[in-house]
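Hi,

Here is the structure I promised to pass along. Have a look, then read on for my notes.

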Amino acid sequence: MLAGFIVVLGSLGTAAAQTPPPNQLASLKTVPVPEPPNLAEFVTDKAAAIRLGKALFWDMQVGSDGVQACASCHFHAGADSRTKNQLSPGLLAGDRTFQLGGPNYTLSAADFPFHRLSDVNNRASTVLFDTNDVASSQGVFRRDFVDVVTPGTLQVLPPLATTDTSVDRCNRVADPDGFTVGGVNVRRVEPRNTPTMINAVYNFRNFWDGRANNHFNGANPFGDRDPDNHIWKLVGVQLQQVHVQIPLGSLASQAVGPPGSPFEMSCANRAFAKIGHKLLAPGVVPLAKQVVAPDDSVLGPLSRSLLVPGAPGLLVSYNTLIEKAFNPAYWVASSPITLSSVVMANEQHTGMSLIPEPSQTVVPDSSFNQMEANFSLFFGLSVQLYESTLIANDTRVDRFLEGNTTALSADEQAGMAIFTGPGKCIACHGGPELTNASVRNVTNERLERMHMGNDGIAVYDNGFYNIGTRPTEDDLGVGGSDPFGNPLSETRYCQQFVDQGQACPIKNQNASGQFLMTGIADMIVARPGENIPADRLRPSCPPPATTSVFNPITGTFICDRTNVMGAFKAPQLRNVELTGPYFHNGGKSTLLQVVDFYNRGGDFADQNQDNLDPNIQVLLPPTGLSEVQKLQLVAFLVALTDDRVRFDRAPFDHPSLCIPNGHPGNNVTITALSPPQPNNPVQEATDALDCSSVQVIGAGGRATPIQPFLNLSPFQR
């Protein structure tokens, strides 16, 4: 059917002819912090909302187990530096077996990289070791939610009989995904590495696969894609269900995912209103298990330690914090709201777990007040506003770009020249934000055409790239689907409509979040430096097409191939020295290993050619970067560390935190078990909680700097 038309290749430019995009480096101080344009509809006191967000982010009581906080996976430069029980099998590839260690294994430097070659400069050299295991973050045990606990009462469905009302009533379940040692359940580990949340506010979409939608719907991560989401608003004297659309709300979309995830923080099938019911109950003290410094940059004036040195918790309730921060129309109503068991079960379906985990327990219909029913709205927006204060923009690189010519050494300046030149790093890590997935860059161009590794042409989601870290089929990334059966990729989402002769419903927005008249598929330009004509998104090319097809007579494309499979969001790079292990699989432990990866043109570039970003090729062929050039590039990356992050100085100060650190024993034998649950044969390992690594830190920071992953030098392999 396409015979006689020209496949767009050399006649319109090739991958070899491209130049880096004009998205040049600049100080991050030049970029305004993105903020929802309709924030004032919901938030009446921004400072109060930031206080609420910081408390919720760090509070161990949010987790079903009374241990797991959002911060449990983001305590170290916004990332996770733990080494024990941090492995997940290749779950997203359908693999539930471990090739490296196994559950409760302790990682060491010798385990990295996860794809090991006899020659680090040659991806075709002998493979010494390879695994699809993922270095990530441990979360919760596999349990089914029953209910929260009424304050002051004894747990009647242990795993542990306790008066701790932050521990939900849950039933133990045999873990189906391999997180057991000798038949004993251990804490589960997420199937992707944990990215830092510092500077994450600049991302247009969040999570590695972009599923944290740029529009926050007040309820879950999926924005307008969820047709049934709503919150409750008092309109006049009547309580009504309303649809919410909050642009530039991706951090809020991200924030409401983990608290309901049966991998990260929750027993399966726990509705967000239940979290609200627990935390808003009379007598609940925010951060009751943790000490807040009296000079904490946000929570200091509310800290109980102001009155009694070392006393845990805050002087105010979560109810008071919400009332101070949010529009009363979203919390003041006294009328009860009943959520059915079906509605709450559907909320689990629209959560964020990458691995479906159906609960065997039915949670009965439950009644909530408006504040509890809307708790996801308050949680998401307040955490976003708190994280919006975590801006690392005072690195030595930022100072150099502001005109301080002495801020970088000669080697660091040489490394920056490699970053922006032959290293091609800037092609994906462009602009002041050091990522093409930024609000500023994506709102300029949501979708782009570019040459692929096979020299064909395809349309892709700007800021998401397949770089050959793992075989594409191991993890589809933004090529996956949302819970409603739609592609996560905006390119493929739009092409569904185009294939039916309809317009894509997604409208363009500017960097301030305001909608424009045009749709994101109306006109697609080429990636900068590639000689490809602009045209609207066209219908899908019939398989097995490896390129979009161009009609030279009309000057338009006939059909478009999309390139989204195995593509992941390009992360920002400030503080990258401290946020290892690296990539979505956590398979590299040092920055020199990362540079080796790019220098040889990736690990699985040959297998991924049809979806590969064209910049993934041997650098400075035929020999690649010299060892000196590699070290200079690493030096530049180290200069991207903000010392306020390195020393936990304000705004990066924080409460104390006890973090799970595996279990007594090792990956062969568990040496301690939790008390049994009546009439339930499932056994669980005892936690090894680490309450010393994350000490309470005030605004002045710590005396000793935090260290890179495994205390490894960024300059070593």
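This is a predicted model: local features need pLDDT of at least 70, side-chain atom pairs count only at pLDDT 80 or more; totals for chains, interfaces and linings use all residues.

Below is what I found in it.

Residues are numbered from 1 along each chain as its sequence is written, and side-chain values use heavy atoms, with hydrogens and water left out.

Let's start with the strands (DSSP E runs of at least two residues; helices are H or I runs of at least four, and both are numbered from the N terminus). β14 (residues 447–451) and β15 (residues 457–461) run antiparallel, joined by five bridges (pairing takes at least two DSSP bridges). Arg449 has Val459 as its bridge partner in β15. The two strands form a hairpin with five residues between them, and Asp455 in the turn has a positive phi of about 75 degrees.

β15 is largely enclosed by the rest of the structure, because five of its five residues are buried (under 20% relative accessible area; exposed is over 50%, partly exposed in between; 1.4 Å probe, protein chains only). Ile457, Val459 and Asp461 point one way, Ala458 and Tyr460 the other.

Then there's Ser589, in the loop between β22 (568–569) and α12 (591–599). Ser589 counts as buried because its relative accessibility is 4%. Beyond its neighbours within four places in sequence, Ser589 is in contact with Phe112, Tyr582, Phe709 and Leu712 (heavy atoms within 4.5 Å).

Cheers
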